[in-house]
Amino acid sequence: RKDMFALSNPSLATQKVALGGRQVRARRAAPARRAVAVTPKARLYDNILETIGDTPIVKINRLAPEGVTMYAKAEFFNPCSSVKDRLALAVITDAERRGVLKKGDTVVEATSGNTGIAVAMVCAQRGYDCVICMAEPFSVERRKIMRMLGAKVIVTPKAGKGTGMVAKAEELCAEHGWFLCSQFENDANPAFHASTTGPEILQDFAGKQLDYFVTGYGTGGTFQGVGRALKAARPDTKIVLLEPEAAGLIASGVTTERKPTGAPAGSHPAFAAHPIQGWTPDFIPKVLEDAQAMNLYDELVPITGPEAIETAQKLARMEGIFTGISGGASMAGALKVAEKAPKGSVILTMLPDTSERYMSTPLYESIAADMNEEELEIAKSTPSFQLLPDAEPILQA
């Protein structure tokens, strides 16, 4: 993937490429933005799950402030378009290896959507039945995607929050003998990030500067796994953890009471509703709490909902990067770090998923479906094929 546009790099201007069966020497660098697609390697994948991971790290150009270099790891390159594909593969593969998940079993998870989509994908490929519990406020497109992948989606009341959907998943498993993924407590979650996401970052930045790693948290799996890898290999890289300003659970200093399983016993008192879907449920996940005990982060930064939404829209319009509210929140946090970072600093953040998961959310409230005045003026600037409000359609002039 990283070599896909290698010929746009002037340093590779003498590289030989195969054209029409002949070996032809590439011309010296044409305009810097010209790109020629080159297949880096030929590989046939045995199944869709083999494509999970190895996501690209992309430079932020127009949005980055002067004097600071910024990058984003684009997790929407995973097959179901989110970082949670890693988690689902990790948890289910681990359960199979331990013998607690067998052919014919039903897999259950409580999720804001991305994990459920990922679990549904893995279950579809592996042949398991899948039941997902999801609280009412999360976007309806997520429910439809899970059902498209063959899952049964159980919607829980809004008033129950995240702890309600977790309790429902536990109740269903106790009643029916189903397997619960337990993404918020399962050690296979951060372990997979420690063995894949973290090493991918280390490989991409081998021999290169990396001053800050910036990430939010949902389960805490990415934060813990990548944090462990970075602290072991590059202890000078500062780790900045983000959470919604409206739901400052870590900032509050109040712990979450737990059941013997590690699942939350109740809702956290510092929680308030926020629009950053996928971040910060109404409890501190056990995976995140374990990461706190490891002292993995150097700074905690709050992010507001409007900041997250505005930054996601800017990424689309200024960088062509199509990410959701959580991606906007992550980049907003990275931009806050950039404001205070010394000149010459290099910052990396995570973009957890794609914008298409958010069509029915506040991210798209300002995005109209109908033509605006400027678009209508463009339409009227030539005489044919006009579809104007309160007027008969015009075909040929």
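Two strands count as paired if DSSP finds at least two bridges between them. Helices (H or I, at least four residues) and strands (E, at least two) are DSSP runs, numbered from the N terminus. The views below show a predicted model, in which local features need pLDDT of at least 70 and side-chain atom pairs count only at pLDDT 80 or more, while totals for chains, interfaces and linings use all residues. Residues are numbered from 1 along each chain as its sequence is written, and side-chain values use heavy atoms, with hydrogens and water left out.

**View 1. Six strands make an open, mixed sheet.**
Follow the strands in the order β3-β4-β12-β9-β10-β11. At the edges you will find β3 (57-60) and β11 (299-303), each pairing on one side only. Neighbouring strands are turned by 25° against each other on average, direction ignored; axes are lines fitted to C-alpha atoms, for helices over the stretch in contact, and angles run from 0 to 180 degrees between N-to-C directions. Inside the sheet, β4 (residues 69-74) and β12 (residues 346-351) run parallel and share six bridges. Here A74 sits opposite L351 of β12.

**View 2**
Contact means heavy atoms within 4.5 Å.

**View 3. A second open sheet has four strands, with parallel pairing.**
The order is β7-β6-β5-β8. Because β7 (152-156) and β8 (179-180) each have a single partner strand, one side of each is left without a neighbour in the sheet. Strands β5 (residues 106-110) and β6 (residues 129-135) are joined by five bridges, and E109 faces I132 in β6. Helix α2 (residues 114-126) packs here against β5 and β6, making about 175° with β6. Helix α4 (residues 161-176) touches β5, β6, β7 and β8, at about 150° to β6.

**View 4. I92, V107 and V119 touch the most other members of the largest nonpolar core.**
A nonpolar core is a set of buried Ala, Val, Leu, Ile, Met, Phe, Trp, Tyr and Cys residues joined through side-chain atoms within 4.5 Å. Buried means under 20% relative accessible area, exposed over 50%, and partly exposed in between (1.4 Å probe, protein chains only). This core has 42 residues, and α1 (84-98), β5, α2, β6 and α4 each give two or more of them. Leaving aside residues up to four places away in sequence, the contacts of I92 include L101, V107, V119 and Y128.

**View 5. F184 and F283 form an edge-to-face pair.**
Rings of Phe, Tyr and Trp (its six-membered ring) pair if their centres lie within 6.5 Å; planes under 30 degrees apart count as stacked, over 60 as edge-to-face and the rest as tilted. The centres of these two rings are 5.0 Å apart and the planes stand at 80°. F184 is buried at 7% relative accessibility, and F283 is buried at 0%.

**View 6. F223 and Y297 form a tilted pair.**
Their centres are 6.1 Å apart, with 55° between the planes. F223 belongs to helix α7, and Y297 to the loop between α9 and β11. F223 is buried at 1%, whereas Y297 is partly exposed at 26%.
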